[in-house]
Each structure stands twice: as C-alpha cells, then as structure tokens.
Amino acid sequence: MQKALRVYGEVLRLVRRLPEDTRPYYGKYLRENFVNYREVDANDTTALDELFRRAYNHSLWVLNKYSVDESAANKLKEICCG
C-alpha cells in the first residue's frame, strides 16, 4: 500500500509540471485510475508491478506529449521499476 501511495504522490507531482490548462484533466485521470485499481490484491506482486510499470510508462508518454523533460520522472522510475 505504501508503494502505491508513493507512486500516486509522485505522479501527482509530475502532473504539476504539465501546462496549467491540462492539469485538471490529468489530475482527474490519475485519481480515477487509482480508484479503479484499488481492488487489486495487495499480495499479488506481479499485478502490482505491472500496474506500477504502466503508470511509469504512461507518465513518460504524457511528459513527452507536452515536451517536459523525461528526467522529471526519475524518482517515479526508482519507485516503480527500481
């Protein structure tokens, strides 16, 4: 659970780096996705690791879309993949 909260917080920080007019959309998208996956078994490490990798990859895609430097996601990468 702690790792999921750390991922959520870090992605939320990345949302703040996006253009101001896009932040509400991506903030809402982030909340909805974390709520949708709250039923995942906390003991299913395979499923959780896959969700964390997807969160990281999707975050990179969004950062690239808005020309935000990918290095902003280094901490998220450490949490999700490291």
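# Working chat: helices, tyrosines and a core

Me: Where is Lys28 found?
Reply: Lys28 sits in helix α2. This is a predicted model, so everything here is computed from it.

Me: Is Lys28 buried, partly exposed or exposed?
Reply: Lys28 counts as partly exposed, since its relative accessibility is 48%.

Me: And how far apart are Lys28 and Asn57?
Reply: In sequence, 29 residues separate Lys28 from Asn57. In space the C-alpha to C-alpha distance is 18 Å.

Me: Switching to helix packing. How do α1 and α3 sit against each other?
Reply: Helix α1 covers residues 2-15 and helix α3 covers residues 45-65. Their axes come within 11 Å and cross at roughly 5°. That angle makes α1 roughly parallel to α3, because angles under 35 degrees count that way.

Me: Which residues of α1 and α3 meet?
Reply: From α1 there are Lys3, Ala4, Val7, Val11 and Leu14. They meet Asp49, Phe52, Ala55, Ser59 and Leu63 of α3. By type, the residues of this contact divide into 7 nonpolar, 1 polar and 2 charged.

Me: Val7 is in that list. What else is Val7 in contact with, leaving aside neighbours within four places in sequence?
Reply: With those neighbours left aside, Val7 is in contact with Phe34, Phe52, Ala55, Leu76, Ile79 and Cys80.

Me: Which residues touch the most other members in the largest nonpolar core?
Reply: Val7 and Leu76 do, in a core of 19 residues. Two or more residues come from each of α1, α2, α3 and α4. The largest share is that of α3, with 6 residues. As background, nonpolar side chains tend to be buried together in soluble globular proteins.

Me: Now a charged one. Where is Glu10 found, and is Glu10 buried or exposed?
Reply: Glu10 belongs to helix α1. Its relative accessibility is 6%, so Glu10 counts as buried.

Me: Rings next. How many aromatic pairs are there in the whole structure?
Reply: A search of the structure gives 4 aromatic pairs. In one of them, Tyr25 and Tyr26 have ring centres 4.8 Å apart and planes at 85°, so this pair is edge-to-face.

Me: Are Tyr25 and Tyr26 buried or exposed?
Reply: Tyr25 is exposed, at 52% relative accessible area. Tyr26 counts as buried, at 9% relative accessibility.

Me: What about the rings of Tyr26 and Tyr66?
Reply: Those ring centres are 5.9 Å apart and the planes are at 80°, so the pair is edge-to-face. Tyr26 lies in helix α2, residues 23-36, while Tyr66 lies in the loop between α3 and α4, so the pair ties together parts that are 40 residues apart in sequence. Tyr66 itself is partly exposed, with a relative accessible area of 24%.

Me: Which tyrosines form one aromatic cluster?
Reply: The cluster is formed by Tyr25, Tyr26, Tyr29 and Tyr66.

Me: What is the phi of Ser67?
Reply: The phi of Ser67 is positive, about 55°, although Ser67 is not a glycine. Most residues other than glycine have a negative phi.

Me: Where is Ser67, and is Ser67 buried or exposed?
Reply: Ser67 is in the loop between α3 and α4. With 68% relative accessibility, Ser67 counts as exposed.

Me: Last one. Where is Asp44, and how far apart are Asp44 and Gln2?
Reply: Asp44 is in the loop between α2 and α3, and counts as partly exposed at 33% relative accessibility. Asp44 and Gln2 are 42 residues apart in sequence, with their C-alpha atoms 15 Å apart in space.

Note on methods
Residues numbered from 1 in each chain as written. Predicted model: local features only at pLDDT ≥ 70, side-chain atom pairs only at ≥ 80, totals over all residues. Heavy atoms only, no water. Axes fitted to C-alpha atoms, helices over the stretch in contact; angles between N-to-C directions. Helix = DSSP H or I, 4+ residues; strand = E, 2+ residues; numbered from the N terminus. Parallel < 35°, antiparallel > 145°, perpendicular 65-115°, else oblique. Contact = heavy atoms within 4.5 Å. Nonpolar A, V, L, I, M, F, W, Y, C, P; charged D, E, K, R; others polar. Phe/Tyr/Trp six-rings, centres within 6.5 Å; stacked < 30°, edge-to-face > 60°. Buried < 20%, exposed > 50% of the residue type's maximum accessible area, 1.4 Å probe, protein only. Core = buried A, V, L, I, M, F, W, Y, C linked by side-chain atoms within 4.5 Å.
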